[in-house]
Protein chains: 2
Amino acid sequence: MNEVAPIIAALERSVTVLVSVHKSPDGDALGSQLALVLALEKKGKKVIAQNLDPVPEIYRFLPGSERIKVGRALSGRFDAIVVLDADPPRTGLFDGGVPADMLINIDHHVTNPRQWPLTWLDADAAATGEMIHELIRQLNVPINPEIALCLYTSIFTDTGSFRYANTTARSMRIAADMIDAGADPWLVTENVYESFAYRRLKLLGNVLAGIEKSEDGRVAWVVVTEELFRQNGATPEDTDNFVNFVRSTKGVEVAVLFRQTADRQYKISLRSKGRIDLAGLAQSLGGGGHKNAAGSTLDGTLGEVKKRVLGAVTEAIAAQLGTGQTAGHGRRP
Amino acid sequence: MNEVAPIIAALERSVTVLVSVHKSPDGDALGSQLALVLALEKKGKKVIAQNLDPVPEIYRFLPGSERIKVGRALSGRFDAIVVLDADPPRTGLFDGGVPADMLINIDHHVTNPRQWPLTWLDADAAATGEMIHELIRQLNVPINPEIALCLYTSIFTDTGSFRYANTTARSMRIAADMIDAGADPWLVTENVYESFAYRRLKLLGNVLAGIEKSEDGRVAWVVVTEELFRQNGATPEDTDNFVNFVRSTKGVEVAVLFRQTADRQYKISLRSKGRIDLAGLAQSLGGGGHKNAAGSTLDGTLGEVKKRVLGAVTEAIAAQLGTGQTAGHGRRP
């Protein structure tokens, strides 16, 4: 934990601290951010929380979420700027250049380029929230029920409620401690997993009803057209996570979601159960991503885009697994 | 733990032990059963596992699942009969009467009538697996990776992957210990949550596409007709858990699934987010169940059955919550 001591020192000598996270913030980013904000305030710091994008509705139960400023313009002077759960440019806040001299970067993504002096990266952490838990411990701030709820939410969401392969014994022990400190598991579940918009469920139904798969069953896909959005009064955000339903099909190695973004344009989301590496595949389609989750945007008719993507996926499976029928031991999406 | 000592003693002095669980066994029942079987064998016991119903496909990854005998006829002599996760009559194995003198009953369901001399009931346990963990500890059997996988699966499935309100710090700490002892969380996830039959996903789509809700948004429902089963090549088992998708709709207090079982007959499944008690409601419809999960089977056309059930649900909500619009703080389904 050599990386932690200088971060503690920098925070201790700061009076005013800005805490920010990546665009389109998720449960880990927001839970980590708010836990740190609350803890730093207990230390008597003046803390500002600001992100480019607003807090999604399902995370507005997090204590302090209403005080996160939204937007690009930073105002005021800060002694330290803490960026969580992402490489700082991903906040979208530093158009004029990242202020490296006052920057603290805490992240668990192995892809973080670690280009700032005060970077703490722990790729073994299932969630940045696990690192904030350690930071708060070293700051000697007792964990109250509000901080506990934030950290529990971080870990709960970034492990997919402890389903993903990143789940460790450490994740679960910290979560257990957070329950003892006052976090209510059902409160988090109800907000995160039991608050689907009605239109979203209806859209999910219409999308899944049209699921298709390859002859060997190793690829399955769904299509969301602009027509479907209109019929269900739904928006692109409503398709969040849909591709994971497709991936959950038995025997499927790669799941694809085709989402129409214009008359002749489709955004594709790819998910692997862990045996097919999607990073190179997505690059060959002009996109990018990780081993188990990648994507791209392609121009063409649905028929053209499907042909190109499904062809590339089939080739990748044949190259990586052979043409035989096999069962996968997947990894985190 | 006064109830445990006599159970340990009874097991220690037994040579041949039968271990059984309830009909339609779930992950907690099977994980508990197999963990105990493996532990008792380490103690040199001759152990037979037998259930009325076969192991569902999604649980066949559990070590030892292939050796569970299936059927009603018990053969052989036993010094002890251990029934897990249910009141013994619910095994369906004891038509000639439960052999109380050799019976050990271990369960976490508060509804267990505790009518046998050697009954250990712990309604605070999220899963029977937590109790088996304690039993194995007191039997002084080290937990190997196979036992760990079984116990992890018990707790993982009965807490809905740590989502339900029954999740406790104890549940999570035992699960953490099981990971350390060799259980692979993703192996369990992939088998339990990432192995949906293709036909089941297609059916889910068709069912959710037809979701409806009441004007005030507090009741939502779906219908599965025999026609839908035929169109999707699906069976009633494929609708397992569908009602929980309906319940996950924001603002919904009670979710209903109508499943056609004959020309003029429908099985109804009711789920509450925790603020509406369904037990009395289901009784008034000729069925039964618990606070948050209940059901019944009703004769009539779909229109008649819907009218009766939705009328009763609306009345129950008005009686229990008033007619105002409110948000619920749910409990385990």
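Okay, one definition before anything else: when I say two residues are in contact, I mean that their C-beta atoms, placed from the backbone, lie within 7 Å. Keep that in mind for the interface. And just so we're all clear, what you're looking at is a predicted model.

So, the interface. With that cut-off, 44 residues of chain A are in contact with 44 residues of chain B. Which parts of chain A do the touching? Four helices each put in at least two residues: H5 (169-180), H6 (185-193), H7 (198-209) and H9 (242-247). The largest share on the chain A side comes from H7(A), with nine residues. If you sort that side of chain A by class, you get 22 nonpolar, 11 polar and 11 charged residues.

Now, do the copies meet through the same surface or through different ones? Here 100% of the interface residues of chain A are also interface residues in chain B, so it's the same surface on both copies.

Okay, symmetry. In general, two copies of a chain are related by a rotation about an axis and a shift along it. For our pair, chain A goes onto chain B with a rotation of 180° and 0.0 Å of shift along the axis, at an RMSD of 0.0 Å. The two copies are therefore related as by a two-fold rotation axis. If you want to find that axis on the screen, look for A:Gly205: of the residues of chain A, its C-alpha comes closest to the axis, at 1.9 Å.

Let me step back to the chain itself for a second.

Next up, helix packing. You describe two packed helices by the angle between their axes and the distance between the axes. Let's start in chain A with H4, residues 145-158, against H5(A): the axes come within 9 Å and cross at roughly 150°. Anything over 145 degrees counts as roughly antiparallel, and that is why H4(A) is roughly antiparallel to H5(A). The crossing is left-handed. Who's actually meeting whom? From H4(A) you have A:Ala148, A:Leu151, A:Tyr152, A:Ile155 and A:Phe156, and they meet A:Ser171, A:Ile174, A:Ala175, A:Met178 and A:Ile179 of H5(A). By class that contact is nine nonpolar residues, one polar and no charged.

Over in chain B, H4 (145-158) and H5 (169-180) also have axes that come within 9 Å and cross at roughly 150°. So H4(B) runs roughly antiparallel to H5(B), and that crossing is left-handed too.

Last pair, still in chain B: H2, residues 27-42, and H3, residues 128-138. Their axes sit 8 Å apart, at an angle of about 10°. Under 35 degrees counts as roughly parallel, so H2(B) is roughly parallel to H3(B). On the H2(B) side, the residues are B:Asp28, B:Gly31, B:Ser32, B:Ala35, B:Leu36 and B:Ala39; from H3(B) they meet B:Thr128, B:Gly129, B:Ile132 and B:Ile136.

Note on methods:
Residues numbered from 1 in each chain as written. Chains lettered and ligands numbered in written order. Predicted model: local features only at pLDDT ≥ 70, side-chain atom pairs only at ≥ 80, totals over all residues. Axes fitted to C-alpha atoms, helices over the stretch in contact; angles between N-to-C directions. Parallel < 35°, antiparallel > 145°, perpendicular 65-115°, else oblique. Left-handed = near helix turned anticlockwise from the far one by under 90°. Nonpolar A, V, L, I, M, F, W, Y, C, P; charged D, E, K, R; others polar. Least-squares fit on C-alpha atoms with pLDDT ≥ 70 in both.
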